[in-house]
Amino acid sequence: MPINIEIFLQQGNIIAYPTETVYGIGCDPQNSLSLAKINAIKGRNEEKGFIIISNKIAHLQKYTTFDIQNLQRTKRATTYLVPCKKSYQGLLTGNKNTVAIRLSEHPAIVELCTAFNGAIVSTSLNYSGDTPITEESIAMGQFSNKVDLIIKGECGKQAPSRIVDLESNKVIRN
């Protein structure tokens with residue numbers, strides 16, 4: 001990466017990037033001003049929590065009290081709801097006591113999380129209620145003046161992620 005992504009995100013910048021499903025919009029999960037900025041960009045309700053995404057379990061473990069060391073990587077993008085540590089509850093979780101986490105092997109996520117040395121926030125790059133964006137050209141056209149950096153690349157061809165409550169193993173969205 002041509003910039004120091006760790007400093008860039010810690011400074012509160014917002015990024016857009018491809019994932020295995022759609023283009024995502026994200027930031028440093030510990031920066032509440034950045035979280036609020038994403039909600040404002042999307043026109044999104046603050047009661048909707050964010051997904052935290054990384055290629056490393058250790059990056060995700062810090063946000064939950066639930067042991068996820070044996071979390072299995074799946075071919076299909078899967079988001080897991082797990083109990084959230086109280087210190088991270090609030091805007092990140094939509095004021096819920098659970099947090100959504102996802103392991104990803106998408107090259108852009110691996111590069112971003114490695115450079116940041118941590119997990120990043122992920123939610124679909126779109127205006128609330130609109131269809132999520134899967135094409136780089138559309139991301140650039142609609143959001144280049146709203147986010148601080150758009151990572152170029154291709155989205156995977158997967159359907160929206162499955163959502164599973166990891167404590168109960170209940171599938172919330174298939």
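This is a predicted model: local features need pLDDT of at least 70, side-chain atom pairs count only at pLDDT 80 or more; totals for chains, interfaces and linings use all residues.
Local features need pLDDT of at least 70, side-chain atom pairs count only at pLDDT 80 or more, totals for chains, interfaces and linings use all residues, and side-chain values use heavy atoms, with hydrogens and water left out.

Back to the cysteines. The structure holds zero disulfides, a disulfide being a pair of cysteine sulfur atoms within 2.5 Å. For Cys27, the closest cysteine sulfur is in Cys113, 12 Å away, again too far for a bond. Cys27 is buried, at a relative accessible area of 0%, and Cys84 is buried at 5%. Buried means under 20% relative accessible area, exposed over 50%, and partly exposed in between, with a 1.4 Å probe and protein chains only.

Next, the sheet. Helices (H or I, at least four residues) and strands (E, at least two) are DSSP runs, numbered from the N terminus. Two strands pair if DSSP finds at least two bridges between them. There is an open sheet of nine strands in the order 7-1-2-6-3-5-4-8-9, and the pairing is mixed. Strand 7 and strand 9 (170-173) are the edge strands, each pairing on one side only.

Going through some of the pairings: strand 3 (residues 51-54) runs parallel to strand 5, joined by four bridges. Ser54 has Leu103 of strand 5 as its bridge partner. Strand 4 also has a parallel pairing, with strand 8, over four bridges. There, Thr78 stands opposite Arg162 of strand 8. Strand 8 and strand 9 run antiparallel, with three bridges, and Ile163 is bridged to Arg173 in strand 9. These two strands form a hairpin with four residues between them, and Asn169 in the turn has a positive phi of about 65°.

The side chain of Ser161 makes a polar contact of 2.9 Å with that of Thr79. A polar contact is a pair of N or O atoms within 3.5 Å; within protein, one must be able to donate a hydrogen and the other to accept it, and residues adjacent in sequence count only if both atoms are side-chain atoms. Beyond four places in sequence, the contacts of Ser161 (heavy atoms within 4.5 Å) include Thr21, Arg102 and Arg173.

Now the rings. The structure holds two aromatic pairs. One is Tyr63 with Tyr88, tilted, at 4.5 Å centre to centre and 55° between the planes. Rings of Phe, Tyr and Trp (its six-membered ring) pair if their centres lie within 6.5 Å; planes under 30 degrees apart count as stacked, over 60 as edge-to-face and the rest as tilted. Tyr63 is in the loop between helix 3 (57-61) and strand 4 (78-83), and Tyr88 in the loop between strand 4 and strand 5 (98-103), so the pair ties together parts 25 residues apart in sequence. Both Tyr63 and Tyr88 are buried.

Finally, Gly90 is in the loop between strand 4 and strand 5. Gly90 is buried, at 13% relative accessible area.

Note on methods. Residues are numbered from 1 along each chain as its sequence is written.
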